[in-house]
Amino acid sequence: MSTGTGTAVSPGAGASTEVAAALSLWLTPVEEQAAQKAPGRGAVTLHHFGYVDMITCAAAGPLGLTRGPGPAVEDAPESVALLAPGAGAVLVGQDGRSARVESGHLALLDPGRAFSVEWEGPTRFLLFRLPVHALHVPTADLRRATGRVLTPPPSVDALLTPLLRYLDESAARLPAGVAERLGGVVIDAVADLLGELSEEAGPPAQSGPRQLVLAIRQYIERHLGDPELSAERIAAAHFISVRYLHRLFEGEGITVSRLIQRRRVEQCARELSRRGRVSPSLAVVAARWGFRSAAHFSRAFKAVHGHPPQQWRRLVLGSGTSS
């Protein structure tokens, strides 16, 4: 049954459910710690914002959950979970680190690897499950951020904190289209947060033109959704001239502007080829990846794939209906 909103409420009667079972279903398989005498109870709900899932958990009492170790994973994770406490504190642990996360702070977990979460009394928190492919954050930066207290810098906090609060308060009333667009904003804000934290930690020791090109490519990936991304901005961020930037890319077989456009088109194609409950509109996908207009997006997409995006999507999905 469709309600016309972008939400899906957890199964079960009333607001009470088993916390571990709900998180195992919507996030990743978790188990209650052995000391727990009875299943942890609480009100747990799930809301969809496009590719972003928000799990709201109001736990009635103390509980500890663990995700056991799985097979070693060298590739980038498929998703990450951003934890935002609203009331009470949550203890998180991953990658040999542990932290006490309180309201106003955040923490990042990789649901695909071993971790633990624990709280000592009645607690309320949000978990946002974010697809890594949309964040464009290097795996090394994600690994450095897990199991730590993340304090958003003012430039990010001004958007992210009010946005998370608004989604928590308004999720059940949001139309699906609005929910999808706000999910894109969450992804952009979290990508900015991780980018800022990575820059604060300082770049790795490196020298030489090749290392600089790699750093610039990573910068482009992190800011791909910004329509203001340009050669001038990239050069300024790396304290070089635009002329030198273009010289660096002479050996790459592609100009900076064409690289940005190609990567944007590739990410749009990746989203448009996905099947799922929520099919993003062409306009939403184009705007999410930095295209200023539908006409510009269509021309750029056709130049790469040989078909306009709507026609290409029908061919890929094997459907005769338009999106």
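Modeller: We'll go through salt bridges, then the cysteines.

Modeller: Keep in mind that this is a predicted model, where local features need pLDDT of at least 70, side-chain atom pairs count only at pLDDT 80 or more, and totals for chains, interfaces and linings use all residues. Residues are numbered from 1 along each chain as its sequence is written, and side-chain values use heavy atoms, with hydrogens and water left out.

Colleague: Fine. How many salt bridges does the structure hold?

Modeller: A salt bridge here is a side-chain nitrogen of Lys or Arg within 4 Å of a carboxyl oxygen of Asp or Glu. By that rule, the structure has 15 salt bridges.

Colleague: Show me one. Which parts does the salt bridge of Asp168 and Arg124 tie together?

Modeller: First the contact: the side chains of Asp168 and Arg124 come to 2.8 Å, N to O. Asp168 sits in helix 4 (residues 154–170) and Arg124 in strand 12 (residues 123–131), so this pair ties together parts 44 residues apart in sequence. Helices (H or I, at least four residues) and strands (E, at least two) are DSSP runs, numbered from the N terminus.

Colleague: And how accessible are Asp168 and Arg124?

Modeller: Buried means under 20% relative accessible area, exposed over 50%, and partly exposed in between (1.4 Å probe, protein chains only). Asp168 is partly exposed at 23%, and Arg124 is partly exposed at 31%.

Colleague: What about Arg292 and Glu228?

Modeller: Their side chains also form a salt bridge, at 2.9 Å, N to O. Arg292 lies in the loop between helix 10 (282–288) and helix 11 (294–305), and Glu228 in the loop between helix 6 (209–222) and helix 7 (231–237), so the pair ties together parts 64 residues apart in sequence. Arg292 is exposed at 59%, while Glu228 is partly exposed at 41%.

Colleague: Which residues are linked with Arg97 in a network of salt bridges?

Modeller: Asp95, Asp110, Arg113 and Arg143 are linked with Arg97 in that network. Within it, Arg97 pairs with Asp95, their closest N and O atoms being 3.8 Å apart. Arg97 is partly exposed at 23%, as is Asp95 at 34%.

Colleague: Now the cysteines. How many disulfides does a search of the whole structure find?

Modeller: A disulfide is a covalent bond between the sulfur atoms of two cysteines. The test is a pair of cysteine sulfur atoms within 2.5 Å, and the search finds 0 disulfides.

Colleague: Are Cys57 and Cys268 buried or exposed?

Modeller: Cys57 is buried, with 0% relative accessible area, and Cys268 is buried at 0% too.
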